[in-house]
Amino acid sequence: MITIDGQAVVARGSLLDVARAAGRPLPTLCHDPRLPPGGHCRACLVEIDGKHVAACTTPAREGAVVRTDTPELLAYRRDLAELVLAEAGPAGEAAHTLHTMGATGERYRHQRHGLHDTSHPVIKIGLSACILCRRCVSACESVQGEFVLAVAGRGAGARLYWDDEFAHSGCVSCGACAATCPTGAITDCHSHSGEVVRTTCGYCGVGCQLDVHVAGGKDGHEAHITRVDGANVAPNRGHLCVKGRYAYAHARHGDRLTTPLIRDASGVLVPATWAEAIERVANGLRPGGVAGLSSARCTNEENYLFQKWIRQGFGTNDVDCCARVCHAPSAAGLRAAFGTGAATNSFDDIERADLLVVIGANPTEAHPIVGARIRQAVLRGAKLIVIDPRATALTHVADVHLQVHPGANVPLFNSLANVLVSLGKTAPSATGWDEYAAAIVADTPERWASTTGVPAAVLRQAGRLWAEAKSPMMVHGLGVTEHLQGAESVTLLCNLAVLTGAFGRPGVGVNPLRGQNHVQGAADMGCQPDLGAGYQPVGGAPGRRLPDIYEAARRSEIRALYIIGEDVIVTDPEPEKVAAALDNLDFMVVQELFLTRTAAMADVVLPGASFLEKDGTFTSGERRVQRVRKVLDPPGQARADWEILLDLMHATGCPQPFTSPGEVMEEVSRVAPQFAGVSYSRIEQLGSIQWPAPAEGHPGTAILHTAETFQPKLHVVSWSASPAFRGAGLTLITGRRLEHYNAGSMTRRGVPGKIVTHDELEIHPADAADRGIRDGERVCIRNEHGEAQAVAQVTDRVREGECFLTFHFPETGTNRLVGGVQDRWTSCPEYKVGRVEVSRA
Ligand code: SF4
Ligand code: SF4
């Protein structure tokens, strides 16, 4: 116990925590519970054993006697508040705090710093309100892992600093500084509070929890989003990236589809009523020759209904989802090695690992909250190995960067295993050990160095780091999967985990970073041709995979296609072939937010709802099932996708008894064994549940494969070179930028579209010089498959002989350059190795 102002209180946490628990509301200016305590502002000064200390940074020790309200302390706080007001004119939280400290603003009159920086599209800085509390500096460093802001100078000369104009300062637009600033010195133009709805981010598979503020919706005023905060729970713990915080304008964008469209006799899409549209779809879809492509943007409940409809309504397993073009190899590889095709661990394990291995992934851009957590872990002392053809933000803080040539993952992973075995890492109890041990001997780093581009000494250094780690945790991305041997490469990562005993415990594992926010759930719910909900074998023969569906459409074996929320002409390889397949259909329906290129080809277009406009659940990349809650009504006549599907199921002789997504989840929990313990009431109670939750009341499973009897399987994989691995020209890698998401239909219509306005081709200075290309010039990228155009960014982030092109703007045509090479196990396209010529446009 300690004594505060004569009151005995349990000593727990800091003196600030204890004082507040005891009802002594000490003022603070620099304190934010989401940030490490700084003790900068001194507003929370207290007297302890006769000395003055900052309460926020002083632990509450047993037996201490603390005073918070001596006349000396009150006078000190009043003086401090007057001095702060003399330097700055804060608004909001800080102004209120200074007022409670007794400041009038009359006592001292200094010159306030008038610098304003409005260069950034949303984050604005006005130093006249800055009180130098350093909360923004701390948020940037300790939450985002960036060092954009600093306080420099002393006394009256001290001020907040950043490089250059703020828009070009290296800021990643996460908004953490604006979210914590108590004075209004840093604002993000989206700062008004409203009624708060907790929901799940609809962009990447990290599954951040959002607190969305909504205003209006009454007295004829349309409801609108005023601000988005990061909820202080897993996985984001108060933080968000630029997409989660600012990319919501698409929900009210004028381009939204607001009425069903039907192609009329003259071939034009014209508005129709829902009754007309449903009737047209019911007449157009007849058993025999129907296929469905579900959406990784839709909820579990919608994906479950969709595959049930395609299977039961039309007697076919020809249903797939976009996992086919991203992480199907992860699921297949993990299933082959470990029996379950999902991440073995949780994002919270990032903080428990002593070595992080990031493979073919750029999480600071594609999964920013995971990227920030990895950076933080490294800044706190964890080791980091990055395996990537490019230099990324993480390679700058990595202990070892294995800059592998695109397409050489198999020899690289095998030679890492060779080093680990040579350092005594073995797994004789794993299935297949004898064959594996015999095979891996030949894969020395020296043998593969010229193929992989990684010097043997560097590879051995990485192997030693790995062998010494107690808790090595792998996270991987599409740089592993979107290859000729994508799934086999995932089995090789599993081999590395088995050799180092890195499974079935905290801080380890093999963890795919899922791209689309709900690709995990689309696959979990059975939107794949060979497995139904809960990965159970399907009745009858497996259906066709997505590329085979296109092929069957070209051969007229598939006559009708139903697509939800995928712009396949833009996102899939060989767009001309995809368009020809769609063109050859008798009937096509697209359920969408916008009239995309694919939707424009449909016979019927149905206006669906964005993640902000419906109820349901999303399952993130760490198997975490979380609620999606309706924030706004869909615009016009647009409807929640589950409602549209229920109407269509009814109209096509497959009626369902459900009246809400929660009832659909009740059926999922009966059908899919992993979901037996998942229900809306349990999610409300626990916040989220990680599957498997194999029985009612089960709390969920953060870490897979913990049983003593668990028997992993080792795989021997020999390398097969991609046809594009060597040859004339440059090796092309395709990938993402932080600000945008996939084909960009949502992010381009909001704040991110103001920050990044076009696709870029990263090209090495030597390759640019050879071709007479200057930074910022338009370039033409071509190969035997097609041609794309982008703006050159001359940079040594890529190696000489390699280049990197983003794919967020359909007009660029990035996927025209991707050919028909597919992963041998799963048919995932090889987006990560191409061969191109680049010239000035
Ligand atoms: S927005 Fe994020 S990265 Fe940019 S200055 Fe603020 S905290 Fe740092
Ligand atoms: S990291 Fe992913 S889930 Fe989190 S806010 Fe950003 S886009 Fe959304």
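A crossing of two helices is left-handed if the near helix is turned anticlockwise from the far one by less than a right angle, and right-handed if clockwise. In this predicted model, helix H12 passes helix H17 in a left-handed crossing.

**The H12 and H17 pair**

The axes of H12 (residues 409-422) and H17 (residues 486-499) come within 10 Å and cross at roughly 10°. Angles under 35 degrees count as roughly parallel, so H12 is roughly parallel to H17. On the H12 side, the contact is formed by Asn 409, Val 410, Phe 413, Asn 414, Leu 416, Ala 417, Leu 420 and Val 421. These residues meet Ser 489, Leu 492, Leu 493, Leu 496 and Leu 499 of H17. Divided by class, the contact of H12 with H17 comprises 10 nonpolar residues, 3 polar residues and no charged residues.

E15 pairs with strand E14 (residues 261-263) in the antiparallel sense, over 3 bridges. Within this pairing, Ile 262 has Val 270 in E15 as its bridge partner.

**The ligand shells**

Ligand 1 is surrounded by Ile 123, Cys 140, Val 148, Leu 149, Phe 166, Cys 171, Val 172, Ser 173, Cys 174, Gly 175, Ala 176 and Cys 177. Around ligand 2 are Cys 201, Tyr 203, Cys 204, Val 206, Gly 207, Cys 208, Leu 240, Cys 241, Lys 243, Gly 244, Pro 368 and Ile 369. Helix H6 (242-246) and helix H11 (368-379) each supply at least two residues of the shell around ligand 2. The table gives the class composition of each shell.

| Shell | Nonpolar | Polar | Charged |
|---|---|---|---|
| Ligand 1 | 10 residues | 2 residues | no residues |
| Ligand 2 | 9 residues | 2 residues | 1 residue |

Notes: Residues are numbered from 1 along each chain as its sequence is written. Chains are lettered from A and ligands numbered from 1 in the order in which they are written. This is a predicted model: local features need pLDDT of at least 70, side-chain atom pairs count only at pLDDT 80 or more; totals for chains, interfaces and linings use all residues. Side-chain values use heavy atoms; hydrogens and water are left out. A residue is near a molecule or strand if one of its heavy atoms lies within 4 Å of it. Helices (H or I, at least four residues) and strands (E, at least two) are DSSP runs, numbered from the N terminus. Ala, Val, Leu, Ile, Met, Phe, Trp, Tyr, Cys and Pro count as nonpolar, Asp, Glu, Lys and Arg as charged, and the others, Gly among them, as polar. Two strands pair if DSSP finds at least two bridges between them. Axes are lines fitted to C-alpha atoms, for helices over the stretch in contact, and angles run from 0 to 180 degrees between N-to-C directions. Angles under 35 degrees count as roughly parallel, over 145 as roughly antiparallel, 65 to 115 as roughly perpendicular and the rest as oblique. Contact means heavy atoms within 4.5 Å.
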